[in-house]
Amino acid sequence: MRTGRSGSWMAALAALAVGAACGDAREVSDGGGSNAGDLTPSPGAQASFEQQIHPLLQGKCGACHGSAWGSSDVNASYQAALGEVNTASPAQSPLYVRPTGGSGHAKVLSDAEAQLVLKWIQQGANGPTTPTTPTTPTTPTTPTVSFSTQVHPFLVASCGGCHGSAWGSNDTAISYAAALQKVDTANPTQSALYVRGTGGSGHAKRLSDADAQTLLTWIQEGAKND
């Protein structure tokens, strides 16, 4: 009898050991048998077309749907995919419906891959990220015409006699402030200072052609006060 009880006890222990081993195997199978979890972006994470969607299109769609889908050119692949996307109703997008077995199409995406495609569409189906080409800072253009040495002198000589002390002032700041009221840097040739000084708007021509060109260039360069 003692031998029988001992044998039963040992059998029970063996059964428990087998059960534990089966439980371990099931956990490995459920949690480690697929990398699907890596395909699904975490909440708030942005799905990448280049890194996640493009490889799926190449591997699952390119063979049947032509070179654009399977192209190594990520931009060509994106343009092909975009024609099958409906960002207003992501779940109705042919790119999601067909590869998941809808519309009579074979199911070619796993559940995790399908979820990734849907997430990408829901996030706006953003395209490839184009690296920004660094721009070379431009050196500010130094005006070629000086107000104080080139424009101010003929304002004093040609305008001051009729238009008061501001125009003819020896103080360049006062003269500059007066002249600036008649300048339109957005449309230099329409500036009253240029139009009237060259004989337009019923005004007597007061500037020589050389002075008129100097004035126009000054306005084109931003009418700076140096």
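Is Lys107 buried or exposed? Lys107 is exposed, with a relative accessible area of 52%, where buried means under 20% relative accessible area, exposed over 50% and partly exposed in between (1.4 Å probe, protein chains only).

The model is predicted: local features need pLDDT of at least 70, side-chain atom pairs count only at pLDDT 80 or more, and totals for chains, interfaces and linings use all residues. Residues are numbered from 1 along each chain as its sequence is written, and side-chain values use heavy atoms, with hydrogens and water left out.

Three salt bridges are found when the whole structure is searched; the term denotes a side-chain nitrogen of Lys or Arg within 4 Å of a carboxyl oxygen of Asp or Glu.

| Salt bridge | N to O distance |
|---|---|
| Arg98 and Glu84 | 3.6 Å |
| Lys107 and Asp111 | 3.1 Å |
| Lys205 and Asp209 | 3.0 Å |

Arg98 pairs with Glu84. Arg98 is in the loop between α6 (94-97) and α7 (111-122), and Glu84 is in the loop between α5 (74-82) and α6, so this pair ties together parts that are 14 residues apart in sequence. Helices here are DSSP runs (H or I, at least four residues), numbered from the N terminus. Arg98 is partly exposed at 38% relative accessible area, and Glu84 is partly exposed at 23%.

The partner of Lys107 is Asp111, and Asp111 is exposed, with a relative accessible area of 58%. In the salt bridge between Lys205 and Asp209, both residues are exposed.

Conventions:
Helices (H or I, at least four residues) and strands (E, at least two) are DSSP runs, numbered from the N terminus.
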